[in-house]
Amino acid sequence: MTEVDIAEEQMVRLVRNALLVAGHEMGEGDHWPVVKNTIYKIMKDWEDLKIERAVHKELRKHVYEQLDEMDRILLTRNKEEQEQDAPKLKALREIYDAYFSPADENQISLSEEDVPLHVKRAENLILSLEDDHAE
């Protein structure tokens, strides 16, 4: 696990704990199913993201190996076949590079309507905790 992974894991746990504290601050009541559901969905999102990242990492490795193998095979072909297949292989490499290059986070934007409902609920629950202690 990298430092970023650890920091992300800590943030998810911090959000989970903040939601639990917010729920306890509200006392007993009918808000608990919402709090528990919100925590569940956030934890599920986190687990799904970790799985998606692991699959992406494996896919990157295997596709790279296949492209290398295709390069080796290309060298065994006759000149005419090489001229025909080399541009196709180059295009595949470009697709690989584009797909597996990190995204520029400065170019990513998320509109308010794209934020999942459970994330909005989490924000509101945590903000209610902050409002209670602001006085």
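Modeller: Quick definition before we start: a helix here is a DSSP run of H or I that holds at least four residues, with numbering from the N terminus. And keep in mind that this is a predicted model.

Colleague: Okay! What makes up the fold, then, and in which order?

Modeller: The protein chain has four helices and zero strands. Going along the sequence, you get α-α-α-α.

Colleague: How do you know whether the chain is spread out or a compact globule?

Modeller: Set the value against the rule. For 135 residues the globule rule gives 14 Å, but the radius of gyration of the protein chain is 24 Å, well over that, so the chain is more spread out than a compact globule. The C-alpha trace also spans about 80 × 25 × 25 Å along its principal axes.

Colleague: How much of the chain is buried?

Modeller: Buried residues are 19% of the 135. As for the surface, the protein chain exposes about 10,600 Å², with 56% of that coming from carbon and sulfur atoms.

Colleague: Now the rings. How many aromatic pairs are there?

Modeller: A search of the whole structure turns up three. One of them is Tyr64 with Tyr96, at 5.9 Å centre to centre and 45 degrees between the planes.

Colleague: Why does Tyr96 count as buried while Tyr64 is called partly exposed?

Modeller: Buried means under 20% relative accessible area, and Tyr96 has 8%, so Tyr96 is buried. Tyr64 has 40%, which falls between 20% and the 50% cut-off for exposed, so Tyr64 is partly exposed.

Colleague: What other aromatic pair does Tyr96 form?

Modeller: Tyr96 also pairs with Phe100, with 4.8 Å between centres and 45 degrees between planes, which is tilted again. Both lie in helix 3, four residues apart, about one turn of the helix. Phe100 is buried, as is Tyr96.

Colleague: Which residues form the aromatic cluster?

Modeller: Tyr64, Tyr96, Tyr99 and Phe100 make one cluster.

Colleague: Last one: how do you know whether His118 is buried or exposed?

Modeller: Its relative accessibility is 10%, and the cut-off for buried is under 20%, so His118 counts as buried. His118 lies in helix 4 (residues 117-133). Not counting residues up to four places away in sequence, His118 touches Thr38, Lys41, Ile42 and Asp45.

Terms used. Residues numbered from 1 in each chain as written. Predicted model: local features only at pLDDT ≥ 70, side-chain atom pairs only at ≥ 80, totals over all residues. Heavy atoms only, no water. Helix = DSSP H or I, 4+ residues; strand = E, 2+ residues; numbered from the N terminus. Rg over C-alpha atoms; globule rule 2.2 N^0.38 Å. Buried < 20%, exposed > 50% of the residue type's maximum accessible area, 1.4 Å probe, protein only. Areas by Shrake-Rupley, 256 points an atom, 1.4 Å probe, with all protein chains shown as cover. Phe/Tyr/Trp six-rings, centres within 6.5 Å; stacked < 30°, edge-to-face > 60°. Contact = heavy atoms within 4.5 Å.
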